[in-house]
Amino acid sequence: NRRLIVPFSAPTTAQPRPLQSTPPAHHYRADDGTFVPGVTSVLKVIAKSNLIEWANQLGLHGIEYRPHLDSLARAGTLLHAKIEAELRGKRGPDESGYTGEQQRQAFAAFFHWSAWSRTHRLRALALEQPYVSTIHGYGGTIDCIAELDGEPLILDWKSSSRVYSSHLLQVAAYQRLVRENRGLS
């Protein structure tokens, strides 16, 4: 039984893919024209045991996981739009494309965000700003770079009931993007 051992540096016969004019979903274009994955795409490789347990509980209650998750994601999208409109001093988003339950969930989360934001001096420096790291080969769109009570920081809106390790990793990756692109810590 013979095995072929190929060294790591062996050249490949595969041809490089031509540059695409539009990026795949959740990808960003680097300065050299290549597409790099987004932070959230990269973080999808991390097992999230809490989601498995959550999906199992839904199933035990007769709730289909995917439609329920999609509905929660829509509520989160509406929440993002409401916060962004508030910070831009604009009228709130059109909610007609959302179910009553999605509107209720977004309103409840927005209520908590509003109560929190009133207890601080919050000045948005950049909203929904995409960045690419040419050093590390990834990109991301940061919800908000702000001064909070005079201190610079990165804010990422989450509509979940807890902070998960993937949330912390996402913000850490965003911090690298900000340092590389804006020189801020």
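## Helices, a sheet and what packs where

The buried residues of helix H3 pack against helix H4, which covers residues 100-117. That contact is a handy way into this model, which is a predicted one. Buried positions in H3 include Ala75, Gly76 and Leu78, and Leu79, Lys82, Ile83 and Ala85 are buried there as well.

How far apart are the end C-alpha atoms of H3? They sit 35 Å from each other.

Helix H2, made of residues 49-60, packs with H3 at an angle of about 115°, and their axes are 10 Å apart. On the H2 side, Trp54, Ala55 and Leu58 make the contact; on the H3 side, Tyr65, His68, Leu69 and Leu72 do. As for handedness, H2 passes H3 in a right-handed crossing.

Now zoom out to the whole chain. The protein chain holds five helices and five strands. Read from the N terminus, the order of elements is β-β-α-α-α-α-β-β-β-α. Of the 185 residues in the chain, 26% are buried. The accessible surface comes to about 12,800 Å², and carbon and sulfur atoms own 55% of that. Taking the contacts with a separation of 6 or more, 51% are between residues 24 or more positions apart.

On to the strands. Three of them form an open sheet in the order E3-E4-E5, with antiparallel pairing. E3 (122-133) and E5 (151-155) are the edge strands, each pairing on one side only. From one strand to the next, the twist averages 30°. Here is how the two pairings look:

| Strand pair | Sense | Bridges |
|---|---|---|
| E3 and E4 | antiparallel | ten bridges |
| E4 and E5 | antiparallel | five bridges |

Some individual partners are worth a look. Leu127 stands opposite Cys144 in E4. E3 and E4 form a hairpin with four residues between them, and in that turn Gly137 has a positive phi of about 75°. E4 itself takes in residues 138-148. Over in E5, Ile154 is the bridge partner of Ile145.

What packs on the sheet? Helix H5, residues 165-182, does, touching E3, E4 and E5. The direction of H5 makes about 85° with that of E4.

Is Ser166 buried or exposed? Its relative accessibility is 15%, so Ser166 counts as buried, given that the cut-off for buried is under 20%. Which residues does Ser166 touch, leaving aside those up to four places away in sequence? They are Leu43 and Lys48.

Definitions and conventions:
Residues numbered from 1 in each chain as written. Predicted model: local features only at pLDDT ≥ 70, side-chain atom pairs only at ≥ 80, totals over all residues. Heavy atoms only, no water. Helix = DSSP H or I, 4+ residues; strand = E, 2+ residues; numbered from the N terminus. Expected span 1.5 Å × (residues − 1). Buried < 20%, exposed > 50% of the residue type's maximum accessible area, 1.4 Å probe, protein only. Contact = heavy atoms within 4.5 Å. Areas by Shrake-Rupley, 256 points an atom, 1.4 Å probe, with all protein chains shown as cover. Pairing = 2+ DSSP bridges. Axes fitted to C-alpha atoms, helices over the stretch in contact; angles between N-to-C directions. Left-handed = near helix turned anticlockwise from the far one by under 90°.
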